[in-house]
Every structure is written in structure tokens, then in C-alpha cells.
Amino acid sequence: MMSESVFDIGKKIKELRLKKGLTLKQVAKETGFSPALISQIENNNISPPIATLAKLASFFDVKIGYFFEDEGGEVKYSICRKGQGKKVDRVISRSGKKHGYTYEALSADFKNKRMEPFILKLDKNLNDEESLYSHEGEEFLMVLKGNVIVAIEKERLELKEGDSIYFDSSARHRLLNPYDKEAYVLAVILRQ
């Protein structure tokens, strides 16, 4: 379900940082991330979770979709054929642990969009509640395959295949998959 195409997210983050004349330490201080984490992201050693990207996008005053845009001109529509989205893997939590999911961007050739659609693939037995994330905007999740738990603040909500949830993403949240099968979720993020 995931393609092998990837983005150079780190390069874009580094370009934004250098354009503003900021050091890794300055970005870290303003975002709450460590300089080491930002360096690893910039060097494409790891991929940030979507919530981390959303926070960096807000800090740099760009839309989250900026990190997933292809080079090229404006288009009026974007088609993503099955399995042809751009994959982001090596997702690591703040503590440096494997985060247990990969994501696939579904609209890389459409610039300046307000919504960013992804397919998330959650590893089986993903039950690590260590990192709840928040970012500005709203989020829509629909389970395409399997079952998941959506942790929002102190609540744990089970969603089964075909179920969906819409929420204010400023609430601390995380997707979990404590089950013995991988799960696939459509996620649409709207930055305000």
C-alpha cells in the first residue's frame, strides 16, 4: 500500500532555517525540540512525525504541505494513483524510539493546499503512549483497514474499519495499534 518514493524534508527544513539566519539551537529553543533531533531531521537520518512537522511548519510560517510539494508549476488538480503517493518512513519519537508508523503523502503536486491528506500505516502491537502530540489545526481520521485506538488527552477511543473521527488537533493526541495486525488510516490535516 505504500510506495517507495520519498521526500527530502530535511533539506527543506534546513533551507528555511538558514533563510531565517537561525542556528539549530535557536530553532530548538523556539520549538521545544532538541538541536540533535532537528539536526537528524535536516540530515534525513530520521523522519519527523506529522505532528512535529506541523509544529515546524507553524514556526517557519509555512503550510505543512510545503514539506511534501514537488518542484514544478501550479496545477488545478492532483491525482494520486494507488501506491503512488510519496512515502515517509524512519519516523522517530522525541525520545529516539521508532514511532511505529510510516506515512504516505497523497497530493505532492498540488501547491498551497489547505488540507494535507496522508495514508498512515501503523505497525502491529503499537501500544506506546509515551508521546502525545499537538499542533494547530484540525484533523480527520478514517480507518481503512484494521482497528486502532485514538488517544486524545486522557481518552482512549477505539475505531474499527470504516469508522472516522474529526477533532481539534491542538488537543494532545496519538494513534495506537495494540492489535496483532497492521492498520491503515486516512488522515487529513487542516492547518488554520
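Tutor: Accessible areas come from the Shrake-Rupley method with a 1.4 Å probe; for residues, only the protein chains shown count as cover. By that method, the surface of the protein chain comes to about 10100 Å². Carbon and sulfur atoms hold 49% of this surface. The model is predicted, and local features need pLDDT of at least 70. Residues are numbered from 1 along each chain.

Student: What makes up the secondary structure of the protein chain?

Tutor: Four helices and nine strands. Helices (H or I, at least four residues) and strands (E, at least two) are DSSP runs, numbered from the N terminus. The order is α-α-α-α-β-β-β-β-β-β-β-β-β.

Student: Which residues of helix H2 are called buried?

Tutor: Val-27, Ala-28 and Thr-31, in H2 (residues 24–31). Buried means under 20% relative accessible area, exposed over 50%, partly exposed in between (1.4 Å probe, protein chains only). Therefore each of these three lies under 20%. Of the 192 residues of the chain, 47% count as buried.

Student: Why do the buried residues of H2 line one face of the helix?

Tutor: Seen down the H2 axis, they fall within an arc of 100 degrees, so they line one face. The arc is that of the directions from the helix axis to the C-beta atoms. An α-helix has 3.6 residues a turn, so residues three or four places apart point the same way.

Student: Which exposed residues does the face turned away carry?

Tutor: Lys-25, Lys-29 and Glu-30.

Student: What covers the buried residues of H2?

Tutor: The cover includes helix H1 (9–19), helix H3 (35–42) and helix H4 (50–60). Contact means heavy atoms within 4.5 Å.

How values were computed: This is a predicted model: local features need pLDDT of at least 70, side-chain atom pairs count only at pLDDT 80 or more; totals for chains, interfaces and linings use all residues. Side-chain values use heavy atoms; hydrogens and water are left out.
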